[in-house]
Amino acid sequence: MKLNLFVFFFLIFPAVSFAQEDTEKNHWVLFPSGLNFVPFKANIAEPRIGVFKFTDAEEMKVDIGNSVDVFGYVIPSSNINLRVSADFFAYAFVTGAQGLRLQIDAVDGFFGGNISLSQTSDSNYWQSRLRILHHSAHLVDGHYSTATHSWLDNREPIPYTQDFGELTIARIQTSNFLKFRYYGGISYATLVRPNEIARLSYFTGVESYSEKSLGEILNQPTNLFLAYQLSLTGEPTYHASHNVQAGIKFGTWYEKGVTMYLGYYTGTHMFAEYYNQRLTTLGVGFTIDFY
């Protein structure tokens, strides 16, 4: 997978022009600003920076990572943007603290890239994204007892791995008061361990937000929003997972800002080392939107 990504990059990269382009003609752009395909709020496996604190326990989910558009191709006559991006992100399962030291129980890491396509000719348009990612999961020192020299709950690490491709189609629509992005997608893993996990998974969701509810703060818009995603994954029997967020973003919706929200999650455990367990939790969270 990694070799194919590098071959693709070096085949395309020579076509990028470093000279000033005529923006009325089709052209390549190196390091374009912003993100062509902004991560979904209610998708667990997206690059973000933030914390989701469970209110019914000591646990929390800590996210760190980024998605960067490396280069793009623009077709001005059709308002089409094609971007090639790099994705590196991880999230950690914090189960408590000893003094100032967080107890990190488990970590899920992702790396790879994506190709996205959008057409922004009007306020209603389509987007698509193809992600190629490697996903590995690990139990770490917060799940190990140094006193007994054993793993907690007699649960030892498992060699969890997925190399998968994921295709998502999204539609953005705008009304006078609300804006919507609804989407659906499918994922297929070419490599998966443990092998009882189903290779195919499915998801669908919607985001709605409004800039007109609260006005501006320091000349920046505020967005009230509601986001929901339904995911179907097999472990090996298929189960539904539901993730709901409601909150406020300070800043333009598809640009940099800070988001604070209430969240409810129920379904297959968020962390892959616990893929055969269920999790239901309510929490509060925030993210720093880097795009």
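Biologist: In what sense do strands S3 and S4 pair, and over how many bridges?

Modeller: Two strands pair if DSSP finds at least two bridges between them. The elements themselves are DSSP runs, numbered from the N terminus: helices are H or I over at least four residues, strands are E over at least two. Here strand S3 (residues 60–75) and S4 are antiparallel, with 15 bridges. Opposite Ile 75 you will find Ile 80 in S4. A word on the ground rules: this is a predicted model, local features need pLDDT of at least 70, side-chain atom pairs count only at pLDDT 80 or more, and totals for chains, interfaces and linings use all residues. Residues are numbered from 1 along each chain as its sequence is written, and side-chain values use heavy atoms, with hydrogens and water left out.

Biologist: Which residue takes a positive phi in the hairpin of S3 and S4?

Modeller: Asn 79, at a phi near 55°; four residues lie between the strands there. Now move on to S4 and S5, which also run antiparallel and are joined by 18 bridges. Ala 92 faces Val 107 in S5 across that pairing. In this hairpin there are two residues between the strands, and Gly 99 has the positive phi, near 70°. A rule to keep in mind: in a regular strand the side chains alternate between the two faces of the sheet.

Biologist: How many helices and strands does the protein chain have?

Modeller: One helix and 16 strands. For 291 residues a compact globule would come near 19 Å, and the protein chain has 20 Å, so the two agree. Its C-alpha trace spans about 70 × 50 × 40 Å along the principal axes.

Biologist: What share of the residues counts as buried?

Modeller: Buried means under 20% relative accessible area, exposed over 50%, and partly exposed in between (1.4 Å probe, protein chains only). By that cut-off, 45% of the 291 residues are buried.

Biologist: Which residues touch the most other members of the largest nonpolar core?

Modeller: A nonpolar core is a set of buried Ala, Val, Leu, Ile, Met, Phe, Trp, Tyr and Cys residues joined through side-chain atoms within 4.5 Å. The largest one holds 30 residues, and Phe 110 and Met 270 have the most contacts with other members. Strands that each supply at least two of its residues include S2 (50–54), S4 (80–98), S5 (101–119) and S15 (257–268). A second, separate core has five residues, among them Phe 40, Ala 170, Tyr 183 and Phe 203.

Biologist: Which residues does Met 270 touch?

Modeller: A contact means heavy atoms within 4.5 Å. Leaving out residues up to four places away in sequence, Met 270 touches Ile 44, Phe 52, Phe 54, Lys 61, Tyr 91, Tyr 265, Leu 279 and Thr 281. Across the chain, among contacts between residues at least 6 apart in sequence, 60% join residues at least 24 apart.

Biologist: How many aromatic pairs are there?

Modeller: A pair of aromatic rings is described by the distance of the centres and the angle of the planes. Rings of Phe, Tyr and Trp (its six-membered ring) pair if their centres lie within 6.5 Å; planes under 30 degrees apart count as stacked, over 60 as edge-to-face and the rest as tilted. That rule gives 21 aromatic pairs. In one of them, Tyr 160 and Tyr 275 have ring centres 6.3 Å apart and planes at 40°, so the pair is tilted. Tyr 160 sits in strand S9 and Tyr 275 in the loop between S15 and S16, so the pair ties together parts 115 residues apart in sequence. Tyr 160 is buried at 6% relative accessible area, and Tyr 275 is buried at 9%. The rings of Tyr 183 and Phe 203 are also tilted, with centres 6.5 Å apart and planes at 55°. Tyr 183 in strand S10 and Phe 203 in strand S11 (residues 200–210) are 20 residues apart, and both are buried.

Biologist: Where does Gly 285 lie, and is this residue buried or exposed?

Modeller: Gly 285 belongs to strand S16 (residues 278–289) and is buried, at 10% relative accessible area. Its contacts, not counting residues up to four places away in sequence, are Val 51, Phe 52, Thr 259, Met 260 and Tyr 261.

Definitions and conventions: Rg over C-alpha atoms; globule rule 2.2 N^0.38 Å.
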